[in-house]
Every structure is written in C-alpha cells, then in structure tokens.
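Hi,

Here is the structure I promised to pass on. Have a look at it first, and then read my notes below.

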Amino acid sequence: MTTSSRPVLEKTFDPQAFEMRWYRLQEESGLFRPESAGAGAAPFTIVIPPPNVTGRLHVGHALGRTLEDVLARWRRMQGRAVLWLPGVDHAGIATQMVVERDLADRTGRTRHHLGREAFLALCHEWANARRHDILDQVRRLGCSCDFSREYYTLDEPRSRAVRHAFCALYHQGLAYRDSRMVNWCPRCATVLSDLEVNHVESSGKLWSVAYPFEEGGGELVVATTRPETMLGDTAVAVHPDDERYAGLVGRRVRLPLTERLIPVVADAMVDRAFGTGVVKITPAHDPNDFEAGRRHALPSVSVIGFDGKMTEAAGPDYAGLDRFEARKRVLADLAVLGLRRGEKDHVSAVGRCQRCDTVLEPLVSLQWFVDVKPLAAKAMAAADAGEVRFTPESWKKTYDEWMRNIRDWCVSRQLWWGHEIPAWTCPDGHVTVPKPGEDDPAACATCGSPKLERDPDVFDTWFSSWLMPLSVLGWPRDAADLRRFYPTDVLVTAFDIIFFWVARMIMAGVWFDGRVPFRDVFIHGLVRDEKGQKMSKTRGNVVDPLEMCDQYGADAVRFALAVLSGTGRDLPFGTTRVAGSRAFATKVWNAARFAIGMLGEGPAASAVDFPTLSTVDRWILSRLSATAAAVNASLEAFRFDEAANALYAFFWSEFCDGYVEMVKQVLRDESLPAAERAKTRAVLQRVLLDSLALLHPFMPFVSCEIREALNGDGADLPRLPYPKAVDGWDDPGAVEAVEVLRAAVTRVRNLRAERGLAQTVAVEAGLEVADGPLADTLRASAGLLSHLARLSSVTIAPKVDLPGAFHDAIGHAGLVVVLPARPLTAEESARLGREIASIDKEREALERKLADESFLAKAPPAVVEKTRRQLAELAARRAKLSGNLAGVAPA
C-alpha cells in the first residue's frame with residue numbers, strides 16, 4: 001500500500017470505527033487457522049473451556065479468553081502453527097431447565113406431555129439457535145480462534161468419543177452400576193456428583209429424642225438435625241469405647257412413632273462428643289449411615305422419595321407430606337408422646353444444588369459409577385514427573401490432595417438432554433454394554449434375549465467435557481489433528497473448576513492416550529467488582545464485558561483484564577479500570593498521529609545504525625530492546641500482568657512522555673543537518689512499529705489500525721515476527737544520562753508548580769556530576785535539557801556554586817536550581833526538617849560503626865571505605881538541605 005492510499009488516523013479515537021472491520025478481515029483471510037503458518041511450523045494448541053450454550057459471555061469468560069488470545073497471537077507472531085479451538089457445551093441440566101421453563105411459560109405443558117423425542121427436538125432447536133450467539137460474543141472480544149474447527153459437546157464426533165470412553169471403562173471393569181447413596185435434587189429430579197453440591201453453613205436445631213428400651217426400664221437419647229428421617233431408622237449406634245453405654249450393645253429400643261424395634265450397635269464412626277454420643281442409623285438417608293448399614297447388615301427403609309415427599313414406608317400419618325412439613329409433624333407428635341428431650345441451636349453444612357439451590361436429599365439410587373482411582377494414580381504420577389505443570393505451583397498441592405481422596409464418580413443423570421448411556425437391559429435384568437467401536441447390541445450378551453431396553457439416563461455433562469482435548473482433536477479416531485496438535489500446550493482456567501474439569505481431563509488423557517492433555521495449566525483468579533466483592537445480580541454489581549466493549553472498545557477491556565490478571569488472585573474489575581485502559585489506547589493513538597505527522601509522506605525511513613545515533617535515540621532503542629525482552633520473559637512465565645505493565649510503562653512514560661517530547665525539536669528544526677533528522681525519523685518509526693507489534697497480542701485492533709496508517713502493513717501485523725531483544729541495542733551510559741536528564745526536567749517543573757510559578761519562567765540550574773562519561777554525555781545534551789526544562793543557563797560540573805540555589809539529588813547527580821527567593825512556608829520547613837532529621841539518624845549510625853574498633857579490625861577494607869563514603873555523601877546532602885532551610889527558599 002502506498003502512503004497516499006493509507007488510512008488517516010482521525011483526531012478523535014473511536015475504536016468502534018475499526019475493531020470489527022479488522023477482526024472480519026483477519027478471520028476471513030484464514031489467519032486464525034494453523035495452516036497459515038506453513039507445514040513445517042511447530043504447533044501451539046489451546047482449547048477453550050467451552051461456555052454453556054445457555055449463557056452469555058460474562059467477565060470470567062472474558063478474562064480467560066483474553067489471556068488465551070494473548071498467548072495465541074504472541075505464539076503466532078513467533079512463527080508457531082497456532083490452533084485455538086473454540087466450542088460450546090451442551091450444558092445438560094442447565095439447558096433442560098431453561099427449555100422446560102420456557103415450554104411451561106409458553107404452553108403450560110411439561111416435557112412429559114411432549115414425550116422424549118419431541119422434547120429433545122425442542123432442546124436441539126433452542127441450543128442451535130444460541131450456539132453461534134455465544135461464539136459471536138467470543139469474536140467481539142477479538143479472539144483469534146479457528147472457527148472452522150468449532151466443536152459442540154453434543155455433536156456426532158463428541159458423542160462417538162463419549163461412547164468409546166464409557167464402553168472401554170466398562171469392559172476394563174471400571175464403569176459399573178450399583179445402588180449407592182447419592183446426592184439427589186428433588187427439583188431437578190436428578191442425581192448430582194459431589195462436585196455439583198454447594199455446602200452452605202446453615203443455622204438450625206439439634207433435637208434430642210428418647211428411644212425407650214424394648215423391655216422398659218430406661219431409654220437412649222439420640223441427637224438429630226433431621227427428625228423426619230428417624231422414621232427410616234434401622235438401628236442406633238454408640239462408640240465401642242464409650243463407657244457410658246457399656247453393656248447396651250445388642251439390646252433393642254423402640255423406634256418412636258412406629259411399631260418397630262431396632263438394635264443398638266457399636267460403631268467407631270460415632271463421635272462421642274456429638275450430642276449424647278448416641279446416633280440414629282438411617283441407611284437410606286445418610287451416606288455415613290449407608291456405610292454403617294452395610295457393615296452391620298441392617299435393612300434400608302426409604303421414607304423420603306425422589307420427589308422430596310414422605311413415602312408409604314414413613315407410615316400413614318406422614319406419607320405424602322413434604323419432607324420439611326413432615327419434620328414439623330414428627331416433632332409435634334414426639335412432644336405429645338413425651339419423647340422430646342430438648343433442643344439447641346446448631347450450625348451445620350447443608351448440601352444444596354449448585355444449579356437451583358434446592359436442599360439436596362441423600363438417597364439410595366441405582367446409578368452408573370466410574371472407579372477413577374486407577375486413573376487418578378496415573379494422573380498424579382504424570383504431574384509428579386513434571387509432565388504437566390501448574391502455575392501458580394501452589395495449585396499442584398490442591399490437585400494432589402483431591403486426587404488422593406478421590407471417590408468413585410457418579411456419571412449418570414436422570415435427564416433427557418445429554419449423551420445417552422450406551423447400556424441395555426433385558427427382561428431378566430442382564431446389562432449389555434457394547435465393546436468400543438461396536439454397534440448397538442441386537443441381543444442380550446448374557447442370555448441372548450432380543451428384548452432389550454436402553455438405559456433412560458444420560459451422562460453427567462462433565463463426562464463429555466473430561467474427554468477434551470482428545471475428543472475435539474478427533475479421538476478415538478487416528479485423526480491428523482490429533483497426531484499433530486496433541487498434547488496441547490496450555491490450559492487457561494479459573495481455580496473453581498480444577499476438580500470438575502482440569503483433574504478429570506488429565507485422568508482421561510493419561511488413561512486413554514498415555515499422555516497428559518496439556519503441558520501447562522495456568523490458574524487465574526476470579527473476577528470481582530472494584531470493591532473486591534463477588535459479582536451478583538442481587539448486588540447489582542455485575543459487569544457485562546460486551547457492554548464494556550461497546551462503550552470503551554475491546555482493546556481497552558482486554559488490556560484492563562491482562563493488567564489485573566496476576567497469578568491466582570481475585571481481580572477487582574470495573575469501569576474505572578477499563579476507562580484507564582481506554583485512556584492508554586488514546587495515548588497510543590495520539591502518539592501515532594504525531595509520529596505520522598513527523599514522518600511525513602516521503603519514502604520509508606532508513607535502517608537504524610545504532611552506534612551512530614544520538615544519545616536520546618540510543619536510549620529509546622535500549623529501552624525498547626529491554627522491554628521486548630521483559631515482555632517475552634513474562635509471557636513465557638504466564639505473567640500477563642507484568643507483560644502488560646511493562647508495555648504500558650514503556651509506551652506511556654518512556655516513548656510518549658519521554659522520547660516523543662525530546663525529539664520534537666530535532667524533527668521540527670530544519671536548520672539541523674538532514675542526515676541527523678533522518679536518523680531520528682528512522683528511530684521514531686522503528687520504535688513505534690515495534691511497540692505496536694509488542695502491543696498487538698493485547699490490543700489487536702488499534703495496533704493494526706495504526707500500523708496500516710503508519711506502514712501499510714496492518715493486515716500483516718498478526719503474522720509478523722514478534723519483537724525481541726536486539727543484540728547491540730544496549731547502551732547503559734545513554735540510559736543513565738537520559739534518565740538523569742528526564743529526572744532533572746521533572747524536578748524543575750515540579751519545583752515551579754510547588755511554588756506557583758508558570759512553567760514559562762526561565763531559571764538558572766546546574767547538575768553536579770563527577771567528571772567522566774556521564775558528565776560528558778550530559779554536557780553534550782545541555783541544549784536539550786535547557787529546552788525541556790526552560791532553563792536560562794545550565795552548568796554541569798563536579799561542583800556548581802549558585803548563590804541562594806535549591807539543592808536536591810537525582811540519581812547519581814545533584815540538582816541545583818535558582819528560583820526567585822521567598823519565605824519558606826511552614827509545610828516546606830517541616831518537610832526539610834524531617835529530611836535533615838532522617839539524615840542525622842543515618843549519620844549517627846554510620847559514625848557509631850566507624851567508631852567501633854571491632855568493626856574497623858574485622859570488616860574488609862572495601863566495606864570500611866564504602867561506609868566512609870556513605871557518611872561523606874550524607875554530610876554533603878545535609879549541607880545542601882540546610883542551605884535550603886536557611887530562612888528563604890526559591891519562590
């Protein structure tokens with residue numbers, strides 16, 4: 001593109017004018033496909049944690065997708081064949097609940113009125129209408145995903161993987177069906193895994209109830225938080241070592257409100273300090289009691305049904321009552337019988353459904369389980385061997401702890417929406433599961449009966465998700481993508497799904513493929529509001545990232561999230577943060593407009609010859625090289641915040657506020673040699689081009705728009721080499737000199753402001769610097785210093801004597817400034833007094849050390865000499881401040 005056809009950067013920064021234009025261009029060009037890097041490029045693969053089809057992109061999604069895109073764009077610019085796989089989760093329970101609610105609102109009907117096939121068709125229609133909406137929201141954020149490889153956790157390839165995995169586990173003896181105690185949600189009408197339960201601290205009561213002995217003559221008092229379940233008691237238990245109840249084991253007590261007699265058993269699970277030390281055993285309604293029931297061969301009486309109501313087994317007075325209404329009735333009836341023995345306040349953790357917040361009911365149910373302990377052992381071994389690494393490392397301990405205590409996974413759900421379990425039962429109760437790769441069975445594998453009924457349940461949603469990234473790369477088939485892109489490189493996720501997803505994916509990867517699914521796991525924190533509070537609709541503090549993109553631009557949202565990302569800590573996020581990033585983008589925009597104006601419409605600037613450049617040019621190139629090194633190192637370590645902050649500091653402080661201000665005079669002064677101006681133009685262009693390239697992974701849109709206007713290569717920027725440290729671009733002397741110069745300018749300007757002087761008032765100043773390279777460089781830059789600080793004259797020498805001058809220290813130089821005299825204010829006198837007192841304290845400590853014969857005898861000569869130098873420097877500093885305090889100060 002010629003300079004005349006390049007776009008012009010408008011005076012007002014408006015990201016809405018170009019952001020999605022650049023995104024469409026990049027996606028349509030095939031840039032986001034790994035094939036764009038060439039066949040020989042090393043792969044780099046990331047899989048998006050799939051958002052639920054029921055949802056909308058929230059700020060947590062925005063954080064994860066931003067960090068993933070930073071990695072994807074950075075690696076793509078390094079020449080890697082980047083495959084970033086987008087997808088959507090079918091969200092079993094969530095989708096079924098939403099569709100059922102919508103059906104009821106529209107028609108007053110339930111899924112049972114429609115029938116399974118018609119209801120599933122409705123779910124598919126609803127989900128398909130929304131799948132692409134959420135992926136378009138991912139696009140709005142600027143995510144450079146390969147949408148040609150988009151996956152859906154309920155599509156045919158994923159269904160094939162789910163079936164293969166289950167069938168393999170079944171025939172390996174690890175998937176089985178059994179009647180176990182499960183977490184049942186009466187509202188969702190399905191079992192939940194332990195990870196889908198929220199344990200909420202709740203205030204309740206601990207009731208004491210008398211259980212009379214069979215033959216009379218006493219009673220045992222049992223403490224319970226759930227008296228309605230006592231109707232299902234089949235024993236009471238005491239600790240075998242509890243002397244209070246020695247000799248009672250084997251006797252029987254009468255179960256109140258029933259005609260049943262139940263035994264007293266001894267079991268070490270009893271907590272002697274809880275209540276009376278006697279507990280009721282209800283095998284059908286408590287997981288610990290279930291295991292105790294098995295140990296003591298106790299019957300199981302289910303008195304609460306799957307609908308949350310009391311069953312016939314609870315007795316005619318209670319059958320059909322809601323479980324909480326039954327609690328009130330039981331307590332009232334116990335009081336009538338005189339069997340209540342008191343109550344007290346009690347706090348306990350109550351299990352609630354993660355989806356609908358209903359109090360869960362522990363029930364015994366026939367379900368499908370997977371024995372994951374062998375898988376967990378292999379996954380732990382892989383992590384211990386360093387095959388997968390956690391950042392921050394502290395999450396490895398959390399992962400190990402959960403793996404060591406892992407329980408069998410209940411994988412069946414009593415839903416219609418989801419992957420159907422490939423298991424069939426004949427009239428005799430035999431279960432048939434085909435082997436991996438086989439079709440549906442035509443007859444029972446045990447008895448040959450052709451009458452088979454498929455299991456009506458579906459898999460837990462996570463049973464499809466845990467097979468990622470294997471399934472999204474083509475497993476179990478020998479797919480080209482699987483061969484090239486597995487294992488993937490990194491998983492970016494929040495800590496709240498380490499157990500749901502991360503650990504399970506590692507188990508599946510090492511079990512089914514023999515390799516971990518990813519080499520690195522980066523765990524980021526949860527996004528909070530700007531006050532650090534959890535975002536919720538009830539608080540009214542939810543931040544919609546898409547609305548933020550529309551208001552401030554996607555670049556600003558992305559950069560704000562990256563700056564805050566940290567390592568595993570919570571992120572205080574809101575409009576203030578995004579507005580700050582928008583201001584940064586505006587700063588970049590305005591600096592580019594200036595640079596383009598200075599570069600003009602002529603031919604492209606010449607190459608940079610570092611040794612022949614001015615001090616200021618060598619300084620900015622040194623800082624650019626160091627910044628590139630810092631950004632690359634930070635991204636390698638997943639320190640997105642450090643990388644973003646390094647870019648911010650360089651672009652805002654060093655390039656815009658530093659370099660641009662310093663070279664304006666050179667570029668505008670036509671009396672200077674053309675060759676010198678050309679060199680500065682070349683440096684200005686190179687620094688801006690490289691800065692935009694460094695910024696591109698974080699701010700992909702504004703960087704392309706400016707590159708197009710500046711150099712005509714905005715469309716190529718995403719595949720151009722990512723800048724890195726340049727050999728030879730390192731001049732510590734130039735860096736030190738310019739830093740002293742900038743500090744002097746800033747201090748002079750501040751002195752004027754502090755004393756109410758206009759910045760146009762010229763003053764006399766000096767820099768006290770020992771003779772040497774630094775002094776020589778500063779003398780050569782005296783004209784620039786005078787221009788920037790508006791000095792009438794400047795002296796650079798080891799000692800500058802300006803009567804009535806103000807003295808200060810900046811780096812390795814002393815600053816001397818003469819300003820109109822005026823009386824010191826009380827505040828200024830107090831501040832100078834505090835500084836002098838601090839110096840005196842340091843001097844006293846050094847003087848004591850030098851007066852200590854032991855120190856002088858034992859310390860190395862170099863240490864003693866350094867101490868003496870420090871004392872002399874403090875004395876000189878004190879003398880200067882004392883002069884400032886001598887009754888008057890610069891005005």
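What is the strand order in the open sheet of 3 strands? The order is E19-E18-E20, with antiparallel pairing; strands here are DSSP runs (E, at least two residues; helices are H or I, at least four), numbered from the N terminus, and two strands pair if DSSP finds at least two bridges between them. Strand E19 (431–432) and strand E20 (453–454) are at the edges with a single partner strand each, so one side of each has no neighbour in the sheet. Strand E18 (residues 424–425) is joined to E19 by 2 bridges, and Trp-424 has Thr-432 of E19 as its bridge partner.

Before you go further, the housekeeping: this is a predicted model, so to speak of local features I need pLDDT of at least 70, and side-chain atom pairs count only at pLDDT 80 or more, while totals for chains, interfaces and linings use all residues. Residues are numbered from 1 along each chain as its sequence is written, and side-chain values use heavy atoms, with hydrogens and water left out.

Back to strands. Strand E7 (residues 197–212) runs antiparallel to strand E13 (residues 340–353), with 12 bridges joining them; Val-209 sits opposite Arg-340 in E13. E7 also has 6 bridges to strand E8 (residues 219–224), again antiparallel, and there Ala-210 is opposite Val-221. E7 and E8 make a hairpin with 6 residues between them, and Gly-216 in the turn has a positive phi of about 80°.

Now the nonpolar cores (sets of buried Ala, Val, Leu, Ile, Met, Phe, Trp, Tyr and Cys residues joined through side-chain atoms within 4.5 Å). Buried means under 20% relative accessible area, exposed over 50% and partly exposed in between, with a 1.4 Å probe and protein chains only. The largest core has 143 residues, of which Phe-573, Phe-655 and Leu-767 touch the most other members. Helix H18 (residues 640–668) gives the largest share of this core, 13 residues. Apart from it there is another core, of 66 residues, including Ala-376, Met-468 and Phe-500. Leaving out residues up to four places away in sequence, Phe-655 touches Ala-591, Ile-620, Phe-650, Val-660, Leu-684, Val-687 and Leu-688, where contact means heavy atoms within 4.5 Å.

Helix H23 (residues 782–789) is largely enclosed by the rest of the structure, because 6 of its 8 residues are buried. Those are Ala-782, Leu-784, Leu-785, Ser-786, Leu-788 and Ala-789. Their cover includes H18, helix H17 (615–636) and helix H21 (732–754). Just after H23, Arg-790 has a positive phi of about 55°.

On cysteines, the count is 0 disulfides, taking a disulfide as a pair of cysteine sulfur atoms within 2.5 Å. For Cys-410, the nearest cysteine sulfur is that of Cys-185, 14 Å away; Cys-410 is buried at 6% relative accessibility. For Cys-447, the nearest is that of Cys-444, 3.6 Å away, and Cys-447 is partly exposed at 39% relative accessibility.

Finally, there is 1 cavity of 30 Å³ or more. A cavity is a set of points, on a 1 Å grid over the protein atoms alone, where a 1.4 Å probe fits but cannot get out; lining residues have an atom within 4 Å of a point. E22 supplies the largest share of the lining, 3 residues, and the lining includes Ile-46, Pro-469 and Phe-518.

Cheers

Note on methods:
On a 1 Å grid over the protein atoms alone, a cavity is a set of points where a 1.4 Å probe fits but cannot get out, and a pocket is an open set with protein on both sides within 12 Å along at least five of seven lines; lining residues have an atom within 4 Å of a point. Grid points are joined across faces, edges and corners, and a volume is the space filled by probe spheres set on the points.
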